[in-house]
Amino acid sequence: MAAQEYEAVSGIQKAAILLISLGPEKSANVFKHLKEEEIETLTLEIANTRSVPPDLKEQVLEEFYEVCLAQQYIAEGGIGYAKELLDKALGEDKAKDVIGRLTASLQVRPFEFVRKADPAQLLNFIQDEHPQTIALILAYLSSNQAAAVVGALPPEKQADVAKRIALMDRTSPDVIKEVEKILEKKLSSLVNQDYTIVGGVDAIVSILNTVDRSTEKHIMETLEIEEPELADEIRRKMFVFEDILSLDNRAIQTVLREVDNSELAIALKNANEDVQNCIFNNLSSRLAAMIKEDMDYMGPVRLKDVEDAQQKIVNIIRRLEDTGEIVISRGGGDEIIV
């Protein structure tokens, strides 16, 4: 396919061709990281793509590889480093083209210099800043790095910072620039003029799932007093039903002793095979057979009923963790107690 014809292929068409080329299993894993509307758009495009010429498929895969290569180089050493290596690998013109296509994504990585810092050094770097400044920086970091910083903050700051991350929605480029001036650092590329989505409940959930249990409890107890609705939303997302796979067999058996069999049958109705096998393997063969029979005979079940039943089991898990009867493995130094 000629270069001019290839340029006429839209981004969504290229994405659909890439997913078709990757196959259903890898494409399903990609879908897990997309928003619902993105999945719908891609699914429609894939459905409307009847056939893909081999040369077009090769061009899409080549572009995808080049973009991934550029992003890797940027993560390792910044834009200048990436440009230098891409010049050698692809030639100056091709490298310039790849970097150009990545401009938008490069512009939404504020505080890149902080991401490479040791958490202890980072703590010294930001602990005296305003809680909103700390929240903004942590929202851009990995969950493990942010959790290490949150866990080391003074207790009176932990909940405040957590609340600010959870309530954060969109941050103006001007604000980001101002924060970086305060920290005497500048971005390696201009910040996109569109507002950048950062923080939110999912961000603080990811952090709280990684910090040690005492830090999590302190933050949640404070939020329950100051922001009860927010605390409830965070708690609902902190441990989902599928996370039962992360428990050891003794913990699962402890949980199942607290669960009504009829609720368990409903909860498992829409569960994936791994979760079902995990549960059934921790039940007696007789009880497992009974629950499977109940699931077969109950017929279709409303999704809301399944979700309610799963949430009841999650609440039991959280209660048993609070009373010390089970331990959920997490970061931040918690030990697994049998």
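Predicted model: local features only at pLDDT ≥ 70, side-chain atom pairs only at ≥ 80, totals over all residues.
Residues are numbered from 1 along each chain as its sequence is written, and side-chain values use heavy atoms, with hydrogens and water left out.

**Salt bridges**
- The whole structure holds 7 salt bridges, each being a side-chain nitrogen of Lys or Arg within 4 Å of a carboxyl oxygen of Asp or Glu.
- One of them joins the side chains of Arg319 and Glu258 at 3.2 Å, N to O; because Arg319 lies in helix H21 (residues 303–322) and Glu258 in the loop between helix H17 (249–256) and helix H18 (261–268), the pair ties together parts that are 61 residues apart in sequence.
- Glu263 and Lys312 form another, with their closest N and O atoms 2.9 Å apart; Glu263 lies in helix H18 and Lys312 in helix H21, so this pair links parts 49 residues apart in sequence.

**Helix H16**
- Helices here are DSSP runs (H or I, at least four residues), numbered from the N terminus.
- In helix H16 (residues 228–238), the residues Leu230, Ala231, Ile234 and Met238 are buried.
- These residues cover an arc of only 100° around the axis, taken from the directions from the helix axis to the C-beta atoms, which puts them on the same side of H16.

Terms used:
Buried < 20%, exposed > 50% of the residue type's maximum accessible area, 1.4 Å probe, protein only. Helix = DSSP H or I, 4+ residues; strand = E, 2+ residues; numbered from the N terminus.
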